[in-house]
Structure formats: structure tokens, C-alpha cells
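Open the model in your viewer and keep the selection tool at hand. We will go stop by stop.

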Amino acid sequence: MITLDRVTKSYMTLNGRVFVFRDLSFALPDGANIGLIGRNGAGKSTLMRLLSAVELPDNGKISTNGRLSWPVGLKGGMQKNLTGRDNVKFVCRIQGVRRAGMQEKIRYVQEFADIGDHFDLPVATYSSGMQARLAFGTSMAFDFDYYLIDEVMAVGDAVFKRKSRKVFRERLEHSKVILVSHNMKLIRKMCNIIVHLDAGRATVYENVRKGIAAYRAAGGEP
Amino acid sequence: MTSRSPTRIRSAFQIQRDVIYALLLRELSSRFGKSRGGFAWVLVEPVAHLVVPVLIFSFIRHRIVPGVEYPVFLVYGFLPFLLFKAICLQIVNGTNASQGLLSYRQVLLMDVFVAKALAHAVIQAIVFVIVLSGLGMFGFDVLPARPLELAAVLALTVFLAFGLGLVLAAVSSLVPDARRIIAIMFMPLYFVSGVIFPVTRFPDDIVRWMAINPVLHLVELSRIAAMDGYEPMKYLSIEYPVALALGSTLLGLMLYRLRFLTKVTA
């Protein structure tokens with residue numbers, strides 16, 4: 001269960017405060033894959049950042065009893081001047097995973113990312129494919145109740161794509177996703193609840209088809 | 001293969017402790033990792049920052065400070081100055097430098113600031129022990145006369161740097177150009193803080209204006225604590241830097257709370 005209670009989020013700019021949400025409230029039921037849709041600028045990414053607690057709301061409260069991931073496949077979370085191994089260690093430490101647990105995670109990521117000796121070189125020297133492998137592997141090493149996914153999921157070459165899809169499908173047996181996408185095919189395939197964002201308001205649709213229809217009515221692409 | 005990790009629920013304090021520890025290690029190891037010299041460079045760079053001017057100025061002007069040895073005078077001036085500068089600039093630039101870190105929900109901007117301040121306090125402390133031991137080997141009387149007082153002055157320095165850093169970070173996340181101006185302002189700070197010469201040699205009228213700069217007070221306080229028989233400037237006050245540290249920290253925390261220090265997003 002994820003609840004937003006009168007959440008207000010604004011950004012301070014030189015032209016004054018710009019509000020993305022004012023008193024936004026809604027609740028998402030448990031055990032559902034959630035699709036977050038809306039036109040560009042509707043606040044999808046802002047809502048995602050609020051859900052992943054990358055940013056905090058100005059006012060109001062976001063509460064959940066589940067564990068939410070960081071945005072999956074995120075490259076920004078990797079420290080360029082640290083090695084892949086040190087990056088994984090960093091994530092372990094902030095998640096409170098120590099010693100044997102940490103060794104297990106490192107082994108898992110090393111195996112999954114499969115980037116050979118590069119694992120012990122600074123991330124700055126990685127190709128974008130290798131970075132994505134490391135980032136995705138790190139996300140998969142930890143168990144979350146919800147994985148937050150912003151648009152792109154499958155990265156890398158065909159073999160890695162197949163491998164990551166397989167792992168991800170396994171993970172979805174006991175975890176859920178919150179997915180931001182403009183790809184309605186993907187949304188229809190993966191999600192059973194739609195949150196449609198439009199002009200700072202959110203509408204929750206338990207019926208995926210109705211949600212997508214509302215998005216199209218608001219001017220979203222077909 | 002990842003067994004479901006045991007759900008060990010950490011308290012807010014435990015999470016913050018874990019995060020600050022992780023950030024501290026990261027801050028230090030990303031410095032070690034920069035070059036092959038690794039660990040040595042972490043120290044060589046700031047040591048050089050200190051030793052080079054000490055050597056230069058000691059040779060140029062021998063006896064300009066009556067009653068005290070000039071290199072010792074310099075080192076105890078540099079100590080609070082460099083500490084202040086390192087921490088303050090780290091925090092001002094902290095909002096920018098740590099974008100990636102904030103993607104993790106456990107990591108708050110404040111944790112980054114605290115970790116940066118701690119890391120630089122530790123680095124500066126080690127550097128000064130090294131430089132002072134070096135001077136001691138050359139026969140200078142380097143041991144601080146009142147170590148507890150010196151520790152208090154340095155704690156005040158960290159505190160003031162942290163508070164002013166927060167306020168300046170808020171200003172520069174609002175007006176990005178301010179960051180450049182702040183960096184420029186730190187250059188003359190070196191000269192107006194009485195680090196390389198005693199301000200007692202200036203006319204009173206000028207010193208009165210120079211006393212607006214809180215770092216000058218810290219520099220003087222550090223010397224009083226460290227050296228016997230040091231003659232400080234006329235307008236020296238403890239209350240001023242203490243009040244400024246309290247005020248700026250309060251204002252900085254308030255701005256932080258009001259989300260003025262945004263994690264700038266693309």
C-alpha cells in the first residue's frame with residue numbers, strides 16, 4: 001500500500017515558485033503493478049522522484065509499508081571515480097548489508113553484470129553498455145517490494161537483454177513494479193492499475209483500458 | 001540466488017549512521033582512487049598547500065612577528081583558514097557534486113554535507129599533525145600552549161564553515177552564478193584573514209573593517225591558543241564568530257528545511 005496524503009511539490013526558480021503538485025492525494029492498493037502515464041510535463045518523473053525519495057515533498061506525506069527500489073537501471077547512482085566493486089559496496093552499506101551479506105551481493109553483481117576485469121576499474125572507464133549492466137545487476141541484487149522503472153528497462157546486447165528479462169520475470173513473482181512509460185503496449189502487458197497524471201492531478205484507474213483511454217482523451221499519443 | 005534479504009528494520013538513526021559511514025568511506029576512497037599515488041596524494045596535496053607558502057614566506061620575511069617564531073605563526077594561521085575553506089567550499093559545491101548519490105532513498109543531502117565536513121576535518125587534522133611534526137623536527141616549538149582551547153577554536157571553525165556553507169549553498173542553488181563569485185571571494189580571503197602577516201601592523205581604521213571577516217577572528221584565536229606571548233589584534237572577539245556560527249547554522253538549516261537547497265534536477 002502506497003499512500004500520498006496532500007502532497008505538494010514545487011521548485012524554486014528565478015521566476016518564483018513553480019508548483020508541480022498541490023495537495024495531491026491518492027492511494028495505491030497492494031499487490032498491483034502500477035503504470036504511471038501522462039503527457040510530457042505532467043509530473044511523472046517528479047512523482048517518481050518523490051516515490052523513490054530522491055526528492056522530498058514540500059508538504060504532505062508519502063507513506064508505504066513496502067520497500068521501494070531506487071529508479072532501476074539508474075546510471076546516475078554510480079560514482080564514476082570509484083570501481084564497480086566499490087559502488088556495489090557503497091549501495092550495500094547504505095542498505096545496511098554488511099560482511100557476509102555484502103560479499104554475497106558483490107558476487108551476484110559481478111556474475112550478473114559479467115564485465116570481467118572492468119569490475120575492479122573505475123566506472124568512468126566503462127562503456128555505456130557496461131555501466132548499464134552494472135547498474136541493472138546492482139538493482140537486481142536487492143529485494144524490493146516495488147521496483148521503480150522509468151521507461152527504459154532492457155539494455156545491452158541481445159544476450160544480456162534475455163538474461164535481464166529472465167531475472168526480472170522471476171523477480172516479478174514476488175515483487176511489483178511502478179512503471180513510467182509512453183509505451184502503451186508495455187503498460188498494457190505489465191500493469192493492472194493505471195495512474196493518469198494530468199495538470200497536477202492524479203486519477204487512479206483499476207481498469208487499465210479506461211486509464212489508457214483517459215490518457216488519449218487528454219491528448220496523449222495513441 | 002539472492003535469498004530474500006532478512007528484513008532487518010533499521011531505526012532512522014541507524015540508517016543515518018550507515019549512510020554517513022558509507023559516504024565517508026566513499027569520500028576518502030574516491031580521493032585515494034584518483035591517481036596511482038593513491039593514499040599519499042590525499043595528504044601530499046594539502047601538505048604542499050601548507051609547506052610551500054611556509055617555506056617561501058619564512059625566507060622572505062624573517063622576524064616580522066615579535067616574540068614568536070614565524071613558521072609556527074604561519075601554520076597556526078593556516079590551520080583554521082584551510083579547515084574553514086575546505087569545509088565551506090565542499091558544502092557549497094556539495095549540491096552539485098553529489099547528484100548521483102541522492103538517487104538512493106536513504107541518502108539525504110544533509111548526510112552528504114555531514115560526511116564531507118567530517119572527511120575534510122579528518123584530512124586536515126592529519127595534514128597538520130604531519131606538518132607540525134616536520135617543523136618540530138627542525139627544532140621549532142610547535143606544541144600548542146593550550147590544546148583544549150585550540151580544539152575549541154577548531155570546533156568553532158568547523159561549525160562556522162558548516163553554517164556559512166549551508167547558507168551559501170542555498171544562495172547558489174537559487175542563483176547558480178553565485179557559486180563562481182563565492183569561489184572568487186575565497187582567494188582574497190587568504191590575505192584579509194591575517195594568515196601570512198599579523199594584522200596588528202595595519203592602522204586601526206583598517207583593522208576595524210577587516211574584523212568583519214570572521215575567519216580573521218578564528219585565525220587570531222587559534223594563535224592565542226597555540227602560542228604563548230602572541231599579541232592578537234585589537235578588535236578580537238570570541239562572541240562574534242560564535243554568534244555568526246550559531247546564526248548561520250540556524251539560517252542554513254531553516255533554508256534546508258524549506259527545500260531551498262534543491263537537489264538540482266535536469
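## Stop 1: two domains in chain A

Select chain A and colour two parts. The domain assignment gives domain 1 as 2–67 + 178–217 and domain 2 as 78–142. Such bounds come from an automatic or database domain assignment. The C-alpha centres of these two domains of chain A lie 30 Å apart.

A word on what you are viewing. This is a predicted model, in which local features need pLDDT of at least 70, side-chain atom pairs count only at pLDDT 80 or more, and totals for chains, interfaces and linings use all residues. Residues are numbered from 1 along each chain as its sequence is written, while chains are lettered from A and ligands numbered from 1 in the order in which they are written.

## Stop 2: an open sheet

Now show strands and helices. Strands (E, at least two residues) and helices (H or I, at least four) are DSSP runs, numbered from the N terminus. Two strands pair if DSSP finds at least two bridges between them.

Select β1, β2 and β4 of chain A. These three strands form an open sheet in the order β2-β1-β4, with antiparallel pairing. Which strands stand at the edges? They are β2 (16–28) and β4 (59–64) of chain A; each has a single partner strand, so one side of each is left without a neighbour in the sheet. Neighbouring strands of this sheet are turned by 25 degrees against each other on average, direction ignored.

Zoom in on β1 (residues 2–13) of chain A. Five bridges pair β1(A) with β4(A) in the antiparallel sense. Pick L4(A): its bridge partner in β4(A) is I62(A).

Angles run from 0 to 180 degrees between N-to-C directions, and the axes are lines fitted to C-alpha atoms, for helices over the stretch in contact. Contact between two residues needs C-beta atoms, placed from the backbone, within 7 Å.

## Stop 3: a buried strand

Select β7 (residues 176–180) of chain A. Is this strand enclosed or exposed? Five of its five residues are buried, so β7(A) is largely enclosed by the rest of the structure. A residue is buried if 20 or more other C-beta atoms lie within 10 Å of its own, exposed if 12 or fewer, and partly exposed in between; C-beta atoms are placed from the backbone.

Show the side chains. K176(A), I178(A) and V180(A) point one way from β7(A), and V177(A) and L179(A) point the other way.

Now find the partners. Strand β3 (residues 34–38) of chain A runs parallel to β7(A), joined by three bridges. There, G35(A) stands opposite L179(A). Strand β6 (residues 146–150) of chain A also runs parallel to β7(A), joined by five bridges. Here L148(A) stands opposite I178(A).

## Stop 4: a buried helix

Move to α4 (residues 128–141) of chain A. This helix has 14 residues and reaches 20 Å from its first C-alpha to its last, close to the 20 Å expected at 1.5 Å a residue. The expected span is 1.5 Å times one less than the number of residues.

Twelve of the 14 residues of α4(A) are buried, so the helix is largely enclosed by the rest of the structure. Among them are M130(A), R133(A), F136(A) and G137(A). What do they pack against? Show β5 (68–71), α2 (84–94), α3 (99–113) and α5 (158–171) of chain A.

## Stop 5

Most residues other than glycine have a negative phi. R99(A), in helix α3 of chain A, has phi near 40 degrees. R99(A) is exposed, with 8 other C-beta atoms within 10 Å. D114(A), in the loop between α3 and α4 of chain A, has a positive phi of about 55 degrees. D114(A) is partly exposed, with 17 other C-beta atoms within 10 Å.

## Stop 6: chain B and the cores

Switch to chain B. It has nine helices and zero strands. Buried residues make up 40% of its 266 residues.

A nonpolar core is a set of buried Ala, Val, Leu, Ile, Met, Phe, Trp, Tyr and Cys residues joined through C-beta atoms within 7 Å. The largest has 95 residues, and V75(B), L83(B), F84(B), I87(B), I91(B) and A161(B) touch the most other members. Helix α3 (residues 70–97) of chain B gives the largest share, 17 residues.

Finish on another core, which lies apart from that one and has 30 residues, among them L36(A), L51(A), I149(A) and I212(A).
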